[in-house]
Amino acid sequence: MGYSLNIDNMNTVIKKWSESYLIYAPKCFEGGGTFSDTDVVRYGQIENVEEIVFNKKSDFSFKEVLLPISETLFYFTEDSVKEADERKKKAIIFLRSCDLHSVRRLDEIYLNNGFEDYYYKRLRENVKFILLGCKSSFENCFCVDMQTNKVDSYHASIDYDGESFLIDNKCSDFENDFENSFNKKQDVIPSYVTENHVKVNIPDNITLDIIKSKMWDEYDSRCISCGRCNFVCPTCTCFTMQDIFYTDNGKAGERRRVWASCMVDGYTDVAGGGSYRKNNGQRMRFKVLHKVYDYKKRNGYHMCVGCGRCDDICPQYISYSNCINKLENAMKEVNEIES
Amino acid sequence: MKLNHNEYIPFLSEIKEVIKHTDIEYTFRMSYIGNVKPGQFFEVSIPKYGEAPISVSGIGNDTVDLTIRRVGKVTEEVFEKYAGDKLFLRGPYGNGFDVENYKGKELVIIAGGTGLSPVKGIVDYFSQNASEAKSTTLIAGFKSPNDILFTEDFKSWEKNMNVILTVDSAEENSKYNVGLVTQYIPELKFENISEAVAVVVGPPAMMRFSTKGLLDVGFEEKNIWISQERKMCCGIGKCGHCKVDDTYICLDGPVFNYTKGKDLID
Ligand SMILES: Cc1cc2nc3c(=O)[nH]c(=O)nc-3n(C[C@H](O)[C@H](O)[C@H](O)COP(=O)(O)OP(=O)(O)OC[C@H]3O[C@@H](n4cnc5c(N)ncnc54)[C@H](O)[C@@H]3O)c2cc1C
Ligand code: SF4
Ligand code: SF4
Ligand code: FES
């Protein structure tokens, strides 16, 4: 059902929601940006609709709501463990089409790949998604080529036309909230982009021979293995285990999982000093092929959703979409060597 | 709300016995009741120090053996424990070896160093059920006589199969064969090499040269199995550290048929 709401009515709805939900949306944090003194848009809890940033892409994705940067799994003493409590409230997440597509990727890893993840599942089951429409493409976005520019799997959508909030509601739990506060009923189709400035072409003849291409070498020195590209990515899911203990009682502590990055030193380290993929070029290759080659081999669709945040954030101005566009020539290069 | 199983919460298991092989390699016999296969692994943990994936090196009625090499944070701490103490475990994880693949065949097992742990269950099986394989040969290599593991087990294996125990180097007149495992491969005799099967586990270079040696004497790729090791933080397909190409070593492995294992390029 479609509605149009003015700001006051929209805030009434949000106020109502906040009784039973934690509400997460892209917010502006002043002075927290990548390149000194700039603002950063990242996820936080909101209390009113004015806090939501509609006109910019968030620098970080929503994923920390489902996969906290550091998540306590359990508390321990020397001979006992106690599971960490779960978040008490349900959650609502405002997010764009590309990000909602990435939820399917997170689900794939955390609910399907082998075992079901207890901690992810208990957060995931209590989340509702509100789609933020995209009127036009932002810098570095390439959702159209990744086929993530449109999405149906939202509970409700929201667009802001400068005056009113346009809602398409699909969720029965929200129905009363909108029915009690709308200004107008009207058909609403969430806005989506049909063209991005950035285009990508993922060749379908990629084979593992591409590892031998010279294309990876340039990243050896350009990339500084800082891992920012992984941390902003809405589909990166890796973590490392960490035990910490409380200093006032050395025998009690907790086991956590914390975000990990395949670009950062130590990701593959094994005891005795061994490690795989020492060069940053090899790590770039590992990351890129995961996003647009081997994840698809395993799961049938690409991992990358084309949000372009990795390109936005890279301090070395490395463009991942450019890298994808080099894959075709790289295959030609290695096929020529072979023949 | 329907609650799923929390795979991250470990259970306590008592150390029944500690068997010392070398200064830095002990077998911890742990209480455990449940299904488990050779080549599978457990995540062994000590709160505060962390977790480490460790292969099952022996399977008893109500125990599993974990043969651990002392190399770092967690394993150092495990070595502080005695029989009667407890460790946290979760698992078993991974696919493990399927002995059915080797029944009725001429079987060669090649192990380097601690690589003997994950295959020891197969060696035990065909030692106890010798008639189930057409023939069994174990080639086990260690750095030096002081590094040899499972010396007691070797005595019983020698009665039931062809055992070649070799060390990389030893003092003169030592009672051991001196040489790399690979040099014994060409000397092996087979009735029908195209049907013979092999299992190779050890350090990466040793596995590379041993599989090459087997292929050179006429083994078919599909008749060779290997076991892989990678960094693992979860063991259950979530943390991503063990992924190579589209393969999760912790879920799809660590045991691979060579036709698949050979393509695992990091
Ligand atoms: C499937 C599998 C089976 C294994 N079986 C055995 C075995 O039977 N006996 C044995 O002694 N060792 C085995 N290892 C290696 C063992 O896991 C490492 O030696 C151990 O993790 C070292 O932990 P640490 O904290 O003592 O060392 P540290 O150097 O202090 O820490 C190493 C860090 O790397 C992590 N790590 C994860 N995977 C590995 C790995 N493959 N190798 C090294 N470090 C790793 C550890 O969790 C730890 O965080 C196996 C590894 C794997 C993957
Ligand atoms: S590609 Fe850029 S953001 Fe990613 S690790 Fe390298 S330097 Fe950092
Ligand atoms: S990638 Fe597409 S859906 Fe995502 S923010 Fe950019 S324009 Fe919107
Ligand atoms: S060990 Fe975590 S995914 Fe395999």
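**Domains, helices and ligand shells**

Colleague: How many Å separate the centres of domain 1 of chain B and domain 2 of chain B?

Modeller: The centres of domain 1 of chain B and domain 2 of chain B, taken over C-alpha atoms, are separated by 21 Å. Before going on, note that residues are numbered from 1 along each chain as its sequence is written, while chains are lettered from A and ligands numbered from 1 in the order in which they are written. This is a predicted model, in which local features need pLDDT of at least 70, side-chain atom pairs count only at pLDDT 80 or more, and totals for chains, interfaces and linings use all residues, whereas side-chain values use heavy atoms, with hydrogens and water left out.

Colleague: OK, and which residues belong to each domain of chain B?

Modeller: Domain 1 of chain B covers 11–93 and domain 2 covers 99–261, with bounds that come from an automatic or database domain assignment. In chain B, 19 residues of domain 1 are in contact with 20 residues of domain 2, where contact means heavy atoms within 4.5 Å.

Colleague: What does the domain assignment give for chain A?

Modeller: Chain A is assigned domain 1 (2–185) and domain 2 (208–338). The centres of these two domains of chain A, again over C-alpha atoms, are 25 Å apart, and 43 residues of domain 1 of chain A touch 44 residues of domain 2 of chain A.

Colleague: Switching to helices: at what angle do helix 2 and helix 3 of chain B pack?

Modeller: Helix 2 (residues 116–128) and helix 3 (residues 151–160) of chain B pack at about 45°, and their axes are 10 Å apart. That makes helix 2 of chain B oblique to helix 3 of chain B; angles under 35 degrees would count as roughly parallel, over 145 as roughly antiparallel and 65 to 115 as roughly perpendicular, with the rest oblique. Axes here are lines fitted to C-alpha atoms, for helices over the stretch in contact, with angles from 0 to 180 degrees between N-to-C directions, and helices (H or I, at least four residues) and strands (E, at least two) are DSSP runs numbered from the N terminus.

Colleague: And which residues make that contact?

Modeller: Helix 2 of chain B contributes B:L116, B:K120, B:V123, B:D124 and B:S127, and helix 3 of chain B contributes B:D153, B:F154, B:S156, B:W157 and B:N160.

Colleague: Where does B:P92 lie, and what about B:P254?

Modeller: B:P92 is in strand 6 (residues 86–93) of chain B, and a cis peptide bond with omega of about 0° joins B:G91 to B:P92. B:P254 sits in the loop between helix 5 (249–252) and strand 15 (255–257) of chain B, and the peptide bond from B:G253 to B:P254 is also cis, with omega near 5°.

Colleague: Back to chain A: which residues are around ligand 2?

Modeller: The shell around ligand 2, counting residues with a heavy atom within 4 Å, holds A:C223, A:I224, A:S225, A:C226, A:G227, A:R228, A:C229, A:M263, A:C314, A:P315, A:Q316 and A:I318. Of that shell, A:S225 has a positive phi of about 45° although it is not a glycine, and A:S225 is in the loop between helix 5 (217–222) and helix 6 (228–232) of chain A.

Colleague: Which residues are around ligand 3?

Modeller: Around ligand 3 are A:R96, A:S97, A:C98, A:C134, A:S137, A:F138, A:C141, A:C143, A:V193, A:G306 and A:C307.
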